[in-house]
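User: I would like a close, careful look at one part of the model shown here, with the rest brought in for context. Please state the cut-off behind each term as it comes up.

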Amino acid sequence: MGKKAKSSRKGKKAWRANISTEDIEHFFEKSTKDALSGGSLSSAPSDSLFVLDRSKDLAVRRKIEKHREKVLRCDSLLEKNPFVQPVPSSTLKKTKRMHKEVSKANDATEDCPKGDSTTASGMDDIWDEKGEGNGDAIKRLKPSIIPAVEVEPPGCSFNPSVESHQEVLAHAVAEEMQKVYQKELGPQPVPLTVPGEVIDEEDMYFIEADKGSDDDETNLETSGENEESALDKRSSRTKRLTRVVLNRRARQKEKLRKEAEARRVDEISKEIDCLPDIIHEIAKEDEDKQKRHLRRVVAKQERLKSCPPRLGRHKYEPAPVQVLLSEEITGSLRKLKGCCTLVKDRYKSLEKRGLVIPTVKSRK
């Protein structure tokens, strides 16, 4: 069979045959579904579609409030006693502290005028010359009691008098001799090697044999003592106490207790009789304590004047007194021997005032 000839679509008959009816069929299906479900949702009013259900909110709120108001048994027991206060929670403390800090900050910002050194970010101006609010931000060093430049005694001059020169010279000699005596009388260091003789192998054998015999004798003595103590324990275990012995011990114990009670009463009566003496002794002890405290404070101040506080692991060693010998005194600045001690003197002054950590003198 041959293929069917295609009809022309240019005529009206072909147009009517090829018209699409999908939108009409879709409308009919939607209308039937709406009719079966109870009506179209687009045409229904919003009051019928959306309803605020407030029937269960009250119950939920009451349940939450009931759980919040519930008090533990331990808290209820503490609340019943008016003399016992419950321990406050740490979170409450933190919140109160934060509220206090915020209120203080607000008060400070309100009190300070517009021309203050505080900026809008709350930072303090470290270059402010007033220095009122910078005490907490910048840690200032305590002023040293020791002056920056110490005046040496007149005996250290280039042309001193005989008496002042001899006094300073004697003081310097005493310091040097004290160092020498401390080194001589101090504890001797532990030697690295111990002098002795070499022991032969035969002598070592005899020494070990002597040690073994001594150990055997000590073991025998200890075993004999253990046997005797075991026998004594057995005899004490087998011995039974009678009722007479128990009654005697009870009477003795009661007698000792009564004697101790009588002694205690006598001691209390004696202390009551000598109460004025006790008050006088207490006042005397308080006065002695105050005197000791005053002496300790004065001694600490004197110690701070002579040496700085301990900063590092090394102690401060004072520099030797710069005094001329009798042969070096010329009486003229032109003949004075030059020495570079200015830098050392300034560095020692910094160490003495506690501004620099003392170091050990390096030996080359």
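In which helix is Val-180 found?

Analyst: Val-180 is found in helix H7, which covers residues 162-185; helices here are DSSP runs of H or I with at least four residues, strands are runs of E with at least two, and both are numbered from the N terminus. The model is predicted, with local features requiring pLDDT of at least 70 and side-chain atom pairs counted only at pLDDT 80 or more, whereas totals for chains, interfaces and linings use all residues. Residues are numbered from 1 along each chain as its sequence is written, and side-chain values use heavy atoms, with hydrogens and water left out.

Of its 364 residues, 5% are buried, where buried means under 20% relative accessible area, exposed means over 50%, and partly exposed lies in between (1.4 Å probe, protein chains only). The chain exposes about 35,700 Å², of which carbon and sulfur atoms supply 57%; these areas come from the Shrake-Rupley method with a 1.4 Å probe, and for residues only the protein chains shown count as cover. Among contacts (heavy atoms within 4.5 Å) between residues at least 6 apart in sequence, 62% join residues at least 24 apart.

Leaving aside neighbours within four places in sequence, Ser-164 is in contact with Pro-154 and Gly-155. His-165, likewise placed in H7, counts as buried because its relative accessibility is 3%. Not counting residues up to four places away in sequence, His-165 touches Gly-155, Pro-160, Val-323, Leu-324, Leu-325, Ser-326 and Ile-329.

Helix H11 (residues 342-352) can be read by its buried residues, which are Ser-349, Glu-351 and Lys-352. Seen down the axis of H11, these residues fall within an arc of 160 degrees, and they therefore line one face of the helix; the arc is that of the directions from the helix axis to the C-beta atoms. The face turned away from this buried side carries the exposed residues Leu-342 and Val-343. Helix H10 (275-306) is included in what covers the buried residues of H11, and just after H11, Gly-354 takes a positive phi of about 80 degrees.

Charged pairs complete the comparison. A salt bridge is a side-chain nitrogen of Lys or Arg within 4 Å of a carboxyl oxygen of Asp or Glu, and by this rule the count comes to six. One of them joins Arg-257 and Glu-254, whose closest N and O atoms are 2.4 Å apart; both residues lie in helix H9 (residues 243-273), three residues apart, about one turn of the helix. Arg-257 is partly exposed at 48% relative accessibility, as is Glu-254 at 33%. Arg-264 and Glu-261 also meet in a salt bridge, at 2.6 Å from N to O, and they too lie in H9, three residues apart. Both are partly exposed, Arg-264 at 43% and Glu-261 at 37%. In H10, Glu-287 forms a salt bridge with Lys-291, the closest N and O atoms being 3.7 Å apart; because they are four residues apart in H10, about one helical turn separates them. An α-helix has 3.6 residues a turn, so residues three or four places apart point the same way.
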